[in-house]
Amino acid sequence: MKNYLFIISIVLPQFLFSQNCDCVSNFKWVKEIFEENDAGFSYALEVNGVSAYEDHNSLFVNRLQKVKDQSECLVILNEWLSFFRSGHLRLRLLNQESDLESNLSDTSIIDRYKDSPSLDINLNEFENYLRDKEKIDYEGIWISEPYKLGVKKINHTFIGFVIEADGQYWKKGQIKFEINSDNSTVYYMRDHSEVKFEAAELWGLDHIIFGFVNLRRAVPTSKNNPEIDRYFKSLSSNKPYFEVIDENTTYLRIPSFGNSEKTKIDSVIQSNMEIITNKQNLIIDIRNNGGGSDRSYEKILPILYTNPIRKVGMEFLSTELNNQRMSDFTNNPEHGFNEEEIQYFKESLDKLSNNIGEFVNLDSTEVEIETFNTVYNYPENIGIIINEYCGSTSEQFLLAARQSKKVKLFGSTTAGVLDISNMNFVNSPCNEYQLGYCLSKSMRIPEMVIDGKGIQPDYYLGKGLKKYQWLEQVTKILND
């Protein structure tokens with residue numbers, strides 16, 4: 001039985017810590033929780049040195065004494081945490097505006113944002129103007145779910161305004177973004193706070209992209225670019241899907257390996273298995289897939305399989321706090337685990353409980369060898385598209401997949417956040433902050449480290465190609 005990766009929140013009993021809520025007290029809480037429970041703490045000391053850690057701590061003593069603002073405290077505490085690693089680690093405020101708004105009525109939310117800057121545009125006149133316009137630029141009517149937005153040039157700035165939205169946080173006419181003459185962009189989030197991006201780009205005639213924002217033109221209509229349309233479909237989809245690219249090639253898009261996505265991924269594969277196993281090439285696109293659970297990619301591995309797959313295991317740090325997660329898995333059916341998995345969790349909890357304070361290998365061996373009874377003749381060639389936003393479980397999938405003789409990786413180097421994993425979340429004693437730390441450490445380290453390095457592609461596609469051209473390039477290489 002493999003060690004699955006999951007994320008779950010646990011609220012720490014508050015009587016264990018002081019109820020003083022100043023920054024110094026919160027630092028003491030973060031430091032104590034992290035040192036006693038994080039699976040990567042001791043490894044970070046080995047790599048960086050105890051004296052470096054002591055020096056790091058001393059830098060924060062005076063700063064913490066002077067902090068009174070909660071947000072400033074958050075920044076400093078996250079700076080302190082950065083000593084240990086770059087991923088699978090975070091501290092956030094629990095009383096951010098987005099959390100508070102969950103308790104507000106619709107009327108209160110509308111009232112809060114009703115006076116945001118807006119444009120008074122006659123939509124019929126604007127649409128007629130767009131249809132008569134000869135030059136195609138940012139001006140137009142655009143779709144970015146759940147928004148329908150207009151873009152009008154005023155002086156030297158393209159102003160994006162709301163045509164249709166949720167009616168709560170945003171209403172008709174309010175300004176959603178601004179593209180300046182140098183293409184630098186200001187975008188306003190759901191809570192109307194601003195995010196700045198270096199540059200907006202017009203891809204083809206029908207797509208605007210800046211940062212994480214992607215817009216598809218609705219008016220005026222123009223000749224579509226199928227290559228760009230396909231790329232934007234892959235970006236905007238939050239569900240796995242399957243397509244036939246050409247007579248030789250199929251395409252499987254997997255945006256997430258989240259535990260809740262397992263049934264969706266399995267269903268897509270099962271529905272299209274006959275096509276997949278009768279085409280020469282298969283492309284699996286996991287760009288921007290931040291991970292989830294190993295169990296979500298179980299049905300993919302048999303398709304890739306050519307020879308036994310070696311999987312190096314992990315060790316879990318056993319503490320009373322950490323072991324609450326395994327207890328929760330065994331007692332709460334809403335997680336959706338089957339009887340075999342629940343039995344595994346119960347046995348694992350017994351092992352952990354009997355070894356408090358130690359790292360525990362929950363499986364019998366350090367290396368698991370996975371085999372399948374069938375090696376499919378097709379697909380013969382499998383290309384997996386990756387980028388810098390692939391991390392955690394996605395990287396675990398790649399370590400297994402690239403052992404196949406059929407598989408090559410295309411794209412750019414992954415995030416490098418795998419070695420210290422299985423995130424767990426706890427709330428601070430005053431419920432101001434939530435700390436996310438890790439429960440497990442890979443037995444690959446230090447010989448084969450992924451954290452901070454990532455997994456490199458066999459074919460690097462970063463230079464000379466637009467991101468929407470990656471799929472065409474992979475298809476061409478597989479077909480050659």
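**Helix packing and sheet order**

Reply: In this predicted model, α3 and α4 are roughly antiparallel to each other, because their axes cross at an angle over the 145 degrees that marks this class.

Me: At roughly what angle do the axes of α3 and helix α4 cross?

Reply: Helix α4 spans residues 70–81, and its axis comes within 10 Å of that of α3. On the α3 side the contact involves Y53, H56, N57, F60, R63 and L64, and on the α4 side I76, L77, E79 and W80. The crossing angle of the two axes is roughly 175°.

Me: How many residues of the contact of α3 with α4 are nonpolar, how many polar and how many charged?

Reply: Among the contributors are F60 of α3 and W80 of α4. The residues of this contact divide into six nonpolar, two polar and two charged.

Me: How are α1 and α3 oriented to each other, roughly parallel or roughly antiparallel?

Reply: Helix α1 covers residues 23–37 and helix α3 residues 50–66; their axes come within 10 Å and cross at roughly 155°. An angle over 145 degrees counts as roughly antiparallel. The orientation of α1 and α3 is therefore roughly antiparallel.

Me: Is the crossing in which α1 passes α3 left-handed or right-handed?

Reply: In this contact C23, V24, F27, K31 and E35 of α1 meet Y53, N57, L64 and Q65 of α3. The contact residues comprise five nonpolar, two polar and two charged. The crossing of α1 past α3 is right-handed.

Me: Which strands stand at the edges of the open sheet?

Reply: The nine strands follow the order β8-β7-β6-β5-β4-β3-β11-β10-β9, with antiparallel pairing. A strand with a single partner has one side left without a neighbour in the sheet, so the edges are held by β8 (194–197) and β9 (201–203).

Me: Which residue of β4 is the bridge partner of G140?

Reply: Strand β3 comprises residues 140–144 and strand β4 residues 147–154. The two pair in the antiparallel sense over five bridges. In β4, the partner of G140 is V151.

Me: Which helix lies across β9, β10 and β11?

Reply: Helix α7 (residues 123–132) lies across β3, β4, β5 and β11, and runs at about 105° to β3. The helix across β9, β10 and β11 comprises residues 226–236 and runs at about 50° to β10. This helix is α8.

Terms used: Residues numbered from 1 in each chain as written. Predicted model: local features only at pLDDT ≥ 70, side-chain atom pairs only at ≥ 80, totals over all residues. Heavy atoms only, no water. Axes fitted to C-alpha atoms, helices over the stretch in contact; angles between N-to-C directions. Helix = DSSP H or I, 4+ residues; strand = E, 2+ residues; numbered from the N terminus. Parallel < 35°, antiparallel > 145°, perpendicular 65-115°, else oblique. Left-handed = near helix turned anticlockwise from the far one by under 90°. Contact = heavy atoms within 4.5 Å. Nonpolar A, V, L, I, M, F, W, Y, C, P; charged D, E, K, R; others polar. Pairing = 2+ DSSP bridges.
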